[in-house]
Amino acid sequence: MTKVFINGEFLEQEEAKVSYEDRGYVFGDGIYEYIRAYEGKLFTVKEHFERFLRSANEIGLDLNYTVDELIELVRKLLDVNGVKNGGIYIQATRGAAPREHSFPTPPVKPVLMAFTKSYDRPFEDLEKGIYAVTTEDIRWLRCDIKSLNLLGNVLAKEFAVKYNASEAIQHRGETVTEGASSNVYAIKDGKVYTHPVNNFILNGITRKVIKWISEDKNIPFIEETFTVDFLKNADEVIISSTSAEVMPVVKIDGEDVGNGNVGDVTRQLQDGFNEYIKTHSL
Ligand code: PDD
């Protein structure tokens, strides 16, 4: 049986319980990360936990853990659960307290929880590409915080599922922001365009890796906003996330992207990503 980490303890799944008053449950008052393990090693884990602590700081949550302590913790959980290839979900909430919107005074102990799941890389989709739909971005204005409040993302993803697509590409008015659970890129004339890092998107770790690969390979990486129309007229489109990696999108709203096949720039970025897995996992 796989174990779950809650506040310092490695518990059996059926023992892993939190209070009905937990503010994550009642208000979505917390933050999370999702980290990938390849061959028993953690990929870009330092970057993930730096973002985790940044998210905590942005919501005024004092976690009392360093990046190194968090890395040790998830490494132990991977070992305990014997996970070689899979994902680690970790979240922190502001703790359990009588329901009151403002922060508990005095503060209560945050609840840190983590679990693992074994699965392989999405090779088939990486080869063939996926379908996406577009939808209005109805989320709040601090999408840079990896918050537990994911209702906008959940509704967007469900919209995609309804239309037999794997991802919903969100836009605020005409401007493409990001996917329900991914960053979005339009590739035109050999250049990669993606939304700049600000409050409208999550600063994806995979996005960061794609930026590094683009620099390595002299592929222009342009952090500027673009429109839905530009996206639909791109030569290639990709989405990226910890689980989807560098994922080609070959149809948007039922129409082929470019010639409907996975393009050359996408393949170069995927090759680069495979190299980064080897060099950035520890
Ligand atoms: N989601 N944007 C959003 C809204 C996301 O939820 C994610 C990732 C990303 C990509 O970030 P990264 O490359 O750091 O995974 C962008 C994770 C995988 C999730 O919610 O499970």
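## Helix H3 and its two sides

The exposed residues Asp-68 and Asp-79 sit on the face of H3 that is turned away from its buried side. This is a predicted model, so let's take the helix as the model draws it. H3 covers residues 67-81, 15 residues in all. From its first C-alpha to its last it reaches 21 Å, close to the 21 Å expected at 1.5 Å a residue.

Which residues of H3 are buried? They are Val-67, Leu-70, Ile-71, Leu-73, Val-74, Leu-77, Leu-78 and Asn-81. Looking down the axis of H3, you will find these buried residues within an arc of 160°, so they line one face of the helix. After H3 comes Gly-82, with a positive phi near 60°.

## Aromatic pairs

The model holds ten aromatic pairs. One of them joins Phe-5 and Phe-10: the ring centres are 5.3 Å apart and the planes meet at 65°, so this pair is edge-to-face, the label for planes over 60 degrees apart. Phe-5 counts as buried, at 3% relative accessibility, whereas Phe-10 is partly exposed, with a relative accessible area of 23%.

Phe-43 and Phe-273 also form an edge-to-face pair, at 5.4 Å centre to centre and with 70° between the planes. Where in the chain do Phe-43 and Phe-273 lie? Phe-43 is in the loop between strand E4 (41-42) and helix H2 (45-58), and Phe-273 is in helix H8 (residues 264-279). The two are 230 residues apart, and their pair links distant parts of the chain. Both Phe-43 and Phe-273 are buried.

## Charges over rings

The charged end of Arg-94 sits over the ring of Phe-103, 3.5 Å from the ring centre. Lys-251 lies over the face of Tyr-131, and here the distance to the ring centre is 5.9 Å.

## Around the ligand

How many residues surround the ligand? There are 20, and the closest are Tyr-32, Glu-178, Ile-205, Thr-206 and Thr-242.

Terms used. Residues are numbered from 1 along each chain as its sequence is written. This is a predicted model: local features need pLDDT of at least 70, side-chain atom pairs count only at pLDDT 80 or more; totals for chains, interfaces and linings use all residues. Side-chain values use heavy atoms; hydrogens and water are left out. Rings of Phe, Tyr and Trp (its six-membered ring) pair if their centres lie within 6.5 Å; planes under 30 degrees apart count as stacked, over 60 as edge-to-face and the rest as tilted. Buried means under 20% relative accessible area, exposed over 50%, partly exposed in between (1.4 Å probe, protein chains only). Helices (H or I, at least four residues) and strands (E, at least two) are DSSP runs, numbered from the N terminus. A charge sits over a ring if NZ of Lys or CZ of Arg is within 6 Å of the ring centre and within 35 degrees of the ring normal. The expected span of a helix is 1.5 Å times one less than its number of residues. The arc is that of the directions from the helix axis to the C-beta atoms. A residue is near a molecule or strand if one of its heavy atoms lies within 4 Å of it.
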